[in-house]
Structure formats: C-alpha cells, structure tokens
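Please examine the sequence and the model shown below. The paragraphs that follow lead through the chain step by step.

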Amino acid sequence: MEIRNYLVPKSLDEAIMVLNQSPDNHVFAGGAWIKNTLKKIDTAIELSTLIDSKIKEYPNYIEIGAMCTLHDLEESALLKQYFGGIIAKASQSIMGITVKNLATIGGTIVGKYSFSDLLTALLAIDVTLVFHSKGKLKLSTFLTTNYPVKDILLSIIIEKNQTLGYYHKVSRTSLDFAIINVAVTNNNNRYSIVVGARPGTAAFALSAMNYINQLKNITEQDIEKTCELAADELSFSSNFRGTKEYRKSLAFVYIKRGLKAVINHVS
Amino acid sequence: MLVNLFLNGEAKTLQVEPGDFLLDTLQKNNVVSVRRGCESTSCGVCTVLLEGKPVPSCSLLTVRLEGKSITTVEGIQKEAEKLAHYFGLEGADQCGFCNPSMALTVYAMKKELKDPTIETIKSYLVGNLCRCTGYQAQHIAILHYLEDQS
C-alpha cells in the first residue's frame with residue numbers, strides 16, 4: 001500500500017475540504033482494514049484528534065462517538081442493557097481483541113463493508129448517523145444511497161426504548177468473517193429483519209417485515225411464511241465461505257429462531 | 001517524516017514514510033521480538049501494546065503514533081519471565097514464535113479484567129494464534145500466572 005502524504009487537520013472543515021480534493025484522499029478512523037481495502041492513497045487524513053470515541057448516555061438516547069472502538073462497544077455495560085445487547089454481541093463476534101482495539105464503529109459504518117457483523121445489528125435498530133455536513137441520516141438511508149460528496153461521520157445516536165433483539169453470526173472459525181449474520185428486533189410488535197454477509201452489505205428483508213407487521217396474532221405458520229419471504233427476497237451469492245443455497249438456508253433458520261426469540265421475549 | 005513516540009518507556013524519534021506500518025518500523029529499528037505473521041490482522045503474532053492496549057502492529061501506521069506509548073515484550077520483561085515460568089510448568093510452548101505476542105496480550109488482560117475464567121481467557125486470546133500447542137496447556141498456565149499475586 002502506498003501513502004504519499006499524511007495530514008493532521010486542525011478542524012473538520014479542513015478535513016472535509018482536503019477529503020474532497022481528490023478521490024485518492026481518505027480519512028482514517030481506526031485503520032484496521034486499510035491494508036485490505038486501499039492500494040493507493042494520496043493524502044491520509046487523521047481523524048482521531050477531531051472526533052469523540054466515548055459512549056454517552058442521555059435521558060432518551062445513547063450517543064456513540066464515531067471513533068469508539070469495537071472493543072469498547074463489546075464491553076459497554078450500557079449497550080448491553082438495550083436491544084437484547086445485540087450491539088455488544090455483534091462486536092464480540094468480530095475477530096480478536098487486537099483488531100477490536102483498532103477498528104471503530106465509524107469506520108465500520110462508512111466502509112459499508114459487505115462482511116460486517118456490526119452493521120447488521122445497527123441496521124436492525126436503524127440508528128441515526130450524525131455527519132459533519134449532511135447532518136442527521138438514518139443508517140438505512142446511508143447504506144442504500146451513493147453520495148457524490150464525501151462527508152465525515154461524527155457520532156451515532158440510538159434512541160432508548162424497549163426493543164427486544166436477537167443476533168447470530170455463522171462463521172467457519174472464531175476469526176473468520178461471517179458466512180451469514182442475522183439480526184431480528186421487536187419494537188413494540190414492530191419487527192425488523194436484517195441479514196448481512198450474504199455476501200453483501202446488511203439489508204432489511206422488507207417484504208417479510210411488511211407481512212409480519214400487519215399481523216395481529218402471529219402463528220407458527222406466519223413465522224414460516226415470513227422466513228420464506230425473507231429468504232426469497234434477499235440476494236445471496238456463493239464464495240469460498242459458502243454457497244448461495246447454503247446461505248439462503250441459514251438465513252431461513254436463523255430468522256425463524258430470531259423471530260421466536262423476540263416474540264417470546266427471549267433475547 | 002519524523003515521529004516522536006515512547007518505546008518501552010524510552011523517548012524515540014523515528015524517521016518513517018507515511019505508509020510505513022509499525023511492524024516494519026520496529027523491525028528496521030532492531031526490535032525483532034515483534035513477529036511477522038499473516039500481515040492481515042488475523043494471527044496476532046505482531047501484537048504490541050498501544051497505550052496499554054493490544055493492537056496489531058502490521059496494520060498500524062507509524063505516523064499515527066506521535067506522542068503515543070508503545071510496549072513490546074522487552075518492556076514487560078519481568079512479567080514475561082513469570083508467564084514463561086508457568087508456560088514451562090505446563091509444557092505450554094514449543095516453537096515459541098507466538099510467545100511475545102501472547103505475553104503482551106495476557107499482560108493487557110491482567111490489567112483489564114478482574115478474575116477472568118478459562119472461558120474469558122479463551123475469548124480474550126482468540127486473536128492470538130499458536131500453531132503448536134493446541135492452547136489447553138497455555139490457558140491453564142495463564143490461569144495459574146493470573147492467580148500468582150507475588
């Protein structure tokens with residue numbers, strides 16, 4: 001990997017300006033994946049001096065600084081109290097402690113990585129992102145939109161509520177990327193179903209969600225139908241970790257387990 | 001570029017290129033206890049402590065370390081010797097290639113966790129691979145090391 005220049009900007013405005021001067025200029029969050037994802041960087045822009053890394057609690061929401069490491073997420077007692085602890089669970093399932101001390105929540109989100117475990121959990125509770133220029137955006141909007149002007153993520157806001165959550169990752173070994181990961185949530189009988197690493201960036205199973213969310217009494221057959229809809233609507237592919245058919249089967253099984261867990265209030 | 005950092009408590013000024021990773025910088029400066037393994041953050045043999053926290057030096061740019069504190073196994077020599085004693089008692093090492101990184105991660109774990117169980121130890125060390133031992137003897141040795149408050 002080649003890096004020509006390294007800049008420690010004095011302000012976010014300076015960072016944004018330099019970032020948008022060239023497609024080969026990049027901001028650095030944790031930097032855990034730069035070796036695997038970038039080959040040539042004209043100017044590497046340091047963010048660690050400008051962006052918060054703390055998890056802060058407010059009466060109605062939790063704010064996570066974009067530079068918060070995955071290890072701090074997995075260890076947060078506060079995050080374990082909410083959403084069935086799915087943010088901590090997803091962070092725990094990621095590789096080893098050394099990587100988790102480098103990788104940040106901000107880098108994970110902005111990278112839109114197709115292998116991400118954390119994105120699946122964050123999308124299931126559709127967190128709000130706070131950008132320097134764009135302001136507030138839902139994660140679901142950010143993941144499905146291409147932005148011509150690059151921006152800098154400052155923090156992640158999560159509304160406190162009684163959402164129940166389920167998260168599961170399937171991988172060949174503890175250190176490997178997921179073959180598939182699934183998150184299911186129940187916010188006052190509104191269900192969200194997210195599948196990631198299909199391989200592909202985490203996505204909602206919208207038809208399945210629409211189906212189950214219009215039901216008043218959910219039966220075993222309804223759950224089966226929801227899982228079928230989800231497995232049919234999401235795109236799956238084959239790679240050396242697993243085939244398209246295997247991933248589709250796994251998605252069906254773990255969505256079913258997830259729905260049963262959050263319907264029965266077992267997170 | 002010049003980077004000023006603390007290596008095992010000693011102030012150092014290092015000449016680096018913006019794209020140099022800490023593993024390469026350390027090896028160029030004759031710190032050979034930090035090993036080169038997968039170079040993709042997976043194996044853990046390049047572990048160093050950054051401000052006391054274990055990180056993979058293969059993926060950490062040296063230019064980002066201005067004013068930071070880096071610890072290699074030379075910086076925790078007495079603790080590493082104590083851990084080596086327990087490894088010896090349990091027959092927990094063979095080639096020794098992973099030992100410096102293992103010692104650093106265990107040292108960080110000792111500072112971070114209170115009374116870890118075998119399961120907690122396994123979870124904390126999941127990113128430090130050992131190709132020889134099969135881990136069981138290491139985990140027992142580490143548990144005994146953590147119990148030794150002397």
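Over all chains, a search of the whole structure finds zero disulfides.

This is a predicted model, in which local features need pLDDT of at least 70 and side-chain atom pairs count only at pLDDT 80 or more, whereas totals for chains, interfaces and linings use all residues. Residues are numbered from 1 along each chain as its sequence is written, chains are lettered from A and ligands numbered from 1 in the order in which they are written, and side-chain values use heavy atoms, with hydrogens and water left out.

Chain B contains five helices and five strands, which are DSSP runs (helices H or I, at least four residues; strands E, at least two) numbered from the N terminus. Their order along the sequence is β-β-α-β-β-β-α-α-α-α. The radius of gyration of chain B, 15 Å, is close to the 15 Å that the globule rule gives for 150 residues, so chain B is as compact as a globular protein of that length. This radius is taken over C-alpha atoms, and the rule is 2.2 Å times the number of residues to the power 0.38.

Of the 150 residues in chain B, 51% are buried, that is, under 20% relative accessible area (1.4 Å probe, protein chains only). C43(B) counts as buried at 12%, and C98(B) is buried at 7%.

Technical notes:
Buried means under 20% relative accessible area, exposed over 50%, partly exposed in between (1.4 Å probe, protein chains only). A disulfide is a pair of cysteine sulfur atoms within 2.5 Å.
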